[in-house]
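Opening the notebook on a new model.

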Amino acid sequence: MHCLAINLDNKLPDQRQDYPLSDIKFQVQRLDYPLSANTMLDQTGKNALVTGIANNRSIAWGIAQQLSKAGANIGVTYLPDEKGRMEKKVRDLTEPLTPSLFLPCNVQNDEQVQSTFDAVKDKWG
């Protein structure tokens with residue numbers, strides 16, 4: 001896989017302006033090196049605690065997937081509710097990532113935050 005870089009009117013990104021569509025000149029340039037998942041991000045041997053996964057549209061879910069693809073050991077927290085629906089939803093969603101930690105963590109509850117920190121320290125050091 002190769003990457004194409006597109007440069008509008010040879011300007012740097014912070015110098016771009018609004019152009020009428022007819023005035024846009026662009027240059028496509030093939031970069032001479034192949035890109036792979038490991039070129040962009042190699043997290044092999046790293047631990048990553050991902051918070052904020054609520055469903056498959058969560059930004060946190062996308063981050064967890066990419067970290068897992070990059071080789072990271074994933075830990076996940078979820079926002080607990082009285083009926084346990086969020087735990088089941090997040091557990092089912094993240095199961096393919098095989099998280100080594102799966103913890104309840106409501107950041108408005110100091111005891112749960114401390115418990116999360118303690119579990120991370122015990123598991124990952």
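Ring rule for today: rings of Phe, Tyr and Trp (its six-membered ring) pair if their centres lie within 6.5 Å, with planes under 30 degrees apart counted as stacked, over 60 as edge-to-face and the rest as tilted. I'm working on a predicted model, where local features need pLDDT of at least 70, side-chain atom pairs count only at pLDDT 80 or more, and totals for chains, interfaces and linings use all residues. Residues are numbered from 1 along each chain as its sequence is written, and side-chain values use heavy atoms, leaving out hydrogens and water.

**Rings.** How many aromatic pairs does the rule give? I get 1. It is Y78 with F102, stacked, at 4.9 Å centre to centre and 25 degrees between the planes. Y78 sits in strand β4 and F102 in strand β5, so the pair ties together parts 24 residues apart in sequence. (Strands are DSSP runs of E, at least two residues, and helices are runs of H or I, at least four, numbered from the N terminus.)

Are these two buried or exposed? My cut-offs are under 20% relative accessible area for buried, over 50% for exposed and partly exposed in between, with a 1.4 Å probe and protein chains only. Y78 is buried at 8%, and F102 is buried at 16%.

**Sheet.** I looked up the strand order next and found an open sheet of 3 strands, β3-β4-β5, with parallel pairing. Strands pair here if DSSP finds at least two bridges between them. The edges are β3 and β5, each pairing on one side only. Twist averages 15 degrees from one strand to the next.

β4 (residues 73-78) has 5 of its 6 residues buried. β3 (residues 47-50) pairs with β4 over 4 bridges, and V50 has V76 as its bridge partner. β4 also pairs with β5 over 4 bridges; there T77 partners L103, and V76 stands opposite F102.

**Crossovers.** I call one right-handed if, with the strands pointing away from me, the path from the first strand over the helix to the second runs clockwise. β4, α3 and β5 make a right-handed β-α-β unit. Helix α3 lies across β4 and β5, at about 160 degrees to β4. (Contact is heavy atoms within 4.5 Å; axes are lines fitted to C-alpha atoms, for helices over the stretch in contact, with angles from 0 to 180 degrees between N-to-C directions.)

**Loop.** I checked T98 last, in the loop between α3 (85-94) and β5 (101-104). Its phi is near 45 degrees, positive in a residue other than glycine. T98 counts as exposed, at 58% relative accessibility.
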